[in-house]
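Dear colleague,

I am passing on the structure below, and my notes on what was found in it follow. Please read them alongside the coordinates.

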Amino acid sequence: MRKFKSLARPYFVWMLTLVALPLVVMVVLSFMKTNGVKFEGAYVTLENFTRLASPSVLVGFYNSMKFALIATVLSFLIGYPIAYIISKSNIRNKFLVLAAIILPMWSNKLLRVVAIGYALSEYNVLRSFMNTIGIDFMINLKGTDLAIVIGLVSSYLPFMILPIYTVLEKIDPLLLEASKDLGANGFWTFWKVVFPISLKGVATGVIMVFLPSATGFAVPYVLGNGNYVLIGTVIEDSFKIGMDYNFGSLLSLILIVVIFGALFLVSKVDKEGETLL
Amino acid sequence: MAKKIIELKDLTKMYDETYAVNHINLYINENEFITLLGPSGCGKTTTLRMIGGFETPTSGDIVMDGVRVNDVSPHKRPINTVFQRYALFPHLNVYGNIAFGLYNKSMEENLERYGKDELERLAKEEKIKNASKKRTLNQEDVQKLKDSPVSKADLMKQIDKKIDESVHQVMKLVKLDGFDKRKVNSLSGGQQQRVAIARAVVNKPRILLLDEPLAALDLKLRQNMQYELKEMQRSLGITFVFVTHDQEEALTMSDTVVVMKDGIIQQIGTPQDIYNEPKNRFVANFIGESNIIRGVYKGNKIVEFMGAEFECVDTNFAPGEACDVVVRPEDWDIVPLDVAKLIGTLDASVFKGVHHELCILIEGREFVVHDYETFPIGAKVGLKVDPYEIHLMKVYDHEEV
């Protein structure tokens, strides 16, 4: 194994320069007032922290968490049954079914979101079809909460299904027999054996859906017609529009802390750390 | 007279076009330790799985207490299984695994198991005890509490207590006390094995099925477990159906051994029967080491083989009928050459601890003989065998020599 160790070196260099170093820079920037990335006339201050309570930040956090939470719960409610049915089914080639779920992920995510945006907008395919057969049908979801939720769920559902499916598939059928042998019927076996064991997959799925939903801004931006303030958009604006690198850095750091907090909670659920993390 | 607990009638299981179990008939008595013995693929595990309810018979019946149970699902049978790979629940600790079956039982079942009256009495006692902690009770108060009906929640509480007792009792039985909170994955093979057994017997099943439960253990542990299992079966009074391919295990533990091959029962009998009176070449070969020689029955308790005539005790052969002669290695006596019936040369000798395993060549045939002494390789050795230690078997056409 020793001789392969050196192969990991480029990776460490990569991580150091592109992850660790920027983090340090962000920490430094959060405690300073600078003019962009120029350090001329820069000074150390806690001023950035005082701005955390501003309405745009609070609303952004609230919206981000709200949508991420709803999207995660919905993904779980939809994804778990799908994963369970696939793992239980007698389909000869389960891989094909999984491929059908994964395949859309191969196209560009932004394109997919824009496509969903069109499908949900005032002039959509369904409406023109209904109109041609003479039914007046009008639905316009774009720019609503529902559109954002639909966008998030459709984007991240596969990330919920895959880990759950993997765990379910790995459950030894002998355990189910043992459970039945010990007097549990089908439902009880699921509730007492299958579901608790599959929680590890659920934990992974929750992280995989929650994190991008909470931090991303593309989906809400496109499907919300830009009307929603999210923590992602607040950060983006700080950097792009306000040229306020200090405040943007601070918000990013806080987001990181929140995410680590979430991961910590999950690791409490999954005590053996057997998730895909 | 022992009571039949389960009966297999003409039981058959086919996978595609091949017989896994081929029209077997077998009954199992209450309190019996019965072993299904055979090489892998002989249908012993399939038979066990049919009894447990995990496989549906292709044809034939499984009758339990006079009722056909072919289609009764596993969770409704008063049968529990110790699986070969244990199949412990990884998300539960030792206690959770053992209590699993008891928590699955309905309230009615638990009331019946622990006795409704007893549970009610305990619940009332506890109520009185709790009440007396708050204030001193006079005779009237006590009587009032005694007469008041016991609520369902109170009964449930008592059941939980009883379950807890049962679990700890059985943990003691399998020598796992104090292991309550341990993760099953952190246990050794032998300990996991004990959890698997405890998890099954805590339910007090009528029949316990054991599918090669000792196969994964090392020799010493396996031998210990053999005695412990036998002891457990005796003290619990549960019928054990044990599946193994290890003939020694089968002989050590069983009241009855069922030898199977290719889905067909070859012989049913006590370990002594199976060992001393094998019915055919397969059984003789499979159970212990044997020297099997083709011979001819001369009539009048005389059998001729290897060119010599021997006295024997079998009579159910016609004079001139061909037969297979079985002599166990330990039944040969090494005697001086002048009184020997057969004379051969020692080809090899292996020290086995208690005895030497001698390989003796007689007219180009190898005989395995166990003896306390050994001789130089190449020495002439004389052999003799007592009449009652010669066992004759009928010759079946399909068996090759």
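**Domains of chain B**

In chain B, the C-alpha centres of domain 2 and domain 3 lie 69 Å apart. The division, whose bounds come from an automatic or database domain assignment, gives domain 1 (4-78 + 205-271), domain 2 (96-167) and domain 3 (290-394).

This is a predicted model, in which local features need pLDDT of at least 70 and side-chain atom pairs count only at pLDDT 80 or more, while totals for chains, interfaces and linings use all residues. Residues are numbered from 1 along each chain as its sequence is written, with chains lettered from A and ligands numbered from 1 in the order in which they are written.

**A helix pair in chain B**

Helix H2 (residues 94-104) and helix H7 (residues 189-201) of chain B pack with their axes 7 Å apart and at an angle of about 30° (axes are lines fitted to C-alpha atoms, for helices over the stretch in contact, and angles run from 0 to 180 degrees between N-to-C directions). H2(B) and H7(B) are therefore roughly parallel, a term that covers angles under 35 degrees. From H2(B), B:Val94, B:Asn97, B:Ile98, B:Phe100 and B:Gly101 meet B:Val195, B:Ala198 and B:Arg199 of H7(B), where contact requires C-beta atoms, placed from the backbone, within 7 Å.

**Chain A**

The C-alpha trace of chain A spans about 75 × 70 × 35 Å along its principal axes. Of the contacts in chain A with a separation of 6 or more, 74% are accounted for by residues 24 or more positions apart.

Best regards

How values were computed. Two residues are in contact if their C-beta atoms, placed from the backbone, lie within 7 Å. Helices (H or I, at least four residues) and strands (E, at least two) are DSSP runs, numbered from the N terminus. Angles under 35 degrees count as roughly parallel, over 145 as roughly antiparallel, 65 to 115 as roughly perpendicular and the rest as oblique.
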